[in-house]
Amino acid sequence: MGYVDLHLHTTASDGVLSPSEIVRYAKAKGLQAIAITDHDTVEGCEEGLSEGERIGFEVIPGIEISAEHSPGSMHILGFFLDIHHPLLTERLKYLQKARAERNPKITEKLNRLGIDITFEEVLRASGGGQVGRPHFANVLLEKKVVRNFQEAFDRFLKKGAPAYVDKFRFTSKEALHFINEAGGVAVLAHPNTLGMNGYSELEKLIVHLVDEGLKGIEVYYPEHSAAQIVQYKSLAEKYSLLSTGGTDYHGMEKSELDIGVGRGDMKLPYSIVQNVKAVRSRSLSGR
Ligand SMILES: [Zn+2]
Ligand SMILES: [Zn+2]
């Protein structure tokens, strides 16, 4: 039996390979199954699924949702979602709309600070791609409002600065709700980014998330130390949660990270997929 990778990005979010390319790449590398888990979208799943069907390779439709959390960041994976589920579709549309409103809000804040800048200028600076704060910084630099890029962030754009606008995020409760409603299995991604202070704080958070519908923990992840893997695995076992894993491969990594193996010899067994499937059918039949 081959091995699996349940955390991958494609061009549907910030990955380099298209969904078809990543499916073909995974098969060529000798994997047995992958999950496509783009940030806040399922737009790459359809293409990945049909390419998988065409070449005879198992593809799991998935997603990675950013949830509200501090001090670190919380990402929640969803596996085997019905990608056409009405609630999921509606929530992801809402998210896109909220994100699109962010840039005009930054413009407004800058205007209120007395800076002459229009959203059209920022759009032009982006060259038609996705607009972000670096494009605001470039326009501020062009207009000589600031002397350099860093100053634009420090004085205006960074978190806590007067033109900062928070990125919209769902609460964990909302994210877990719509993943579950869409028939997905929700798994806490890379717990090492949560910024939790010690085992008991993390445990408390996990108990809370389980209450909200969490079904597993991404135990195996290239950035997890051996000690963290032991810790996350024991938490998963203690609360009867799934242990999943993946490389978070985005294509063309700087640091020798590759699909399926991470930075070394990750090679997760197919039984992980079987366990996810078992939890999924249990929760579907329990409805
Ligand atoms: Zn993530
Ligand atoms: Zn990711």
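Reply: Here is a walk through the sheet, its helices, its cores and a few backbone details.

First, the ground rules: this is a predicted model, so local features need pLDDT of at least 70, side-chain atom pairs count only at pLDDT 80 or more, and totals for chains, interfaces and linings use all residues. Residues are numbered from 1 along each chain as its sequence is written, while chains are lettered from A and ligands numbered from 1 in the order in which they are written.

The chain has 11 helices and eight strands (DSSP runs numbered from the N terminus, H or I of at least four residues for helices and E of at least two for strands). The strands make an open sheet with mixed pairing, in the order β7-β6-β5-β4-β3-β2-β1-β8; two strands pair if DSSP finds at least two bridges between them. In general, strands of a sheet pair through backbone hydrogen bonds, either parallel or antiparallel. At the edges sit β7 (242–245) and β8 (268–269), each pairing on one side only. On the β8 side, the neighbour is β1 (residues 3–8), joined to β8 by two bridges and running antiparallel to it. Val-4 is the residue standing opposite Leu-268 of β8.

Helix α8 (residues 172–181) packs on the sheet, where it touches β3, β4 (74–79) and β5 (185–188), and its direction makes about 5° with that of β4. Axes here are lines fitted to C-alpha atoms, for helices over the stretch in contact, with angles running from 0 to 180 degrees between N-to-C directions. A contact means two C-beta atoms, placed from the backbone, within 7 Å. The buried residues of α8 are Ser-172, Ala-175, Leu-176, Phe-178, Ile-179 and Asn-180; "buried" takes 20 or more other C-beta atoms within 10 Å of the residue's own, "exposed" 12 or fewer, and "partly exposed" is in between, with C-beta atoms placed from the backbone. Besides β3, β4 and β5, those α8 residues pack against α3 (86–100) and α9 (199–212). After α8 comes Gly-183, with a positive phi near 80°.

Helix α2 (residues 45–55) also has a buried side: Cys-45, Glu-47, Gly-48 and Gly-52 are its buried residues. They cover an arc of only 165° around the axis, so they lie on the same side of α2 (the arc is that of the directions from the helix axis to the C-beta atoms). Their packing partners are α1 (19–28), β2 and β3 (58–67). Turned away from that side is the face with the exposed residues Glu-53 and Arg-54. Just after α2, Gly-56 has a positive phi of about 75°.

Now the cores, meaning sets of buried Ala, Val, Leu, Ile, Met, Phe, Trp, Tyr and Cys residues joined through C-beta atoms within 7 Å. The largest one has 59 residues, and Ile-34, Ile-76, Phe-79 and Val-187 have the most contacts inside it. Strand β2 (residues 31–36) gives the largest share, five residues. A second, separate core has 13 residues, including Ile-106, Ile-117, Val-122 and Val-139. Back to Val-187: beyond neighbours within four places in sequence, its contacts are Leu-77, Phe-79, Lys-215, Gly-216, Ile-217, Glu-218, Leu-242 and Thr-244.

Ile-272, in helix α11 (residues 271–285), counts as buried because it has 22 C-beta neighbours inside 10 Å. Leaving out residues up to four places away in sequence, Ile-272 touches Val-4, Leu-6, Thr-244 and Gly-245. Leu-6 is 266 residues away from Ile-272 in sequence, yet the two are 9.1 Å apart in space, C-alpha to C-alpha.

A few backbone details are left. Most residues other than glycine have a negative phi, and most peptide bonds are trans. Ser-70 and Pro-71 are joined by a cis peptide bond with omega about 10°, and Pro-71 is in the loop between β3 and β4. Ser-240, a residue other than glycine, has a positive phi near 50°; its place is in the loop between α10 (226–238) and β7. Ser-240 is exposed, with 10 other C-beta atoms within 10 Å. Asp-248, in the loop between β7 and β8, also has a positive phi, about 60°, although it is not a glycine. Asp-248 counts as buried, with 21 C-beta neighbours inside 10 Å.
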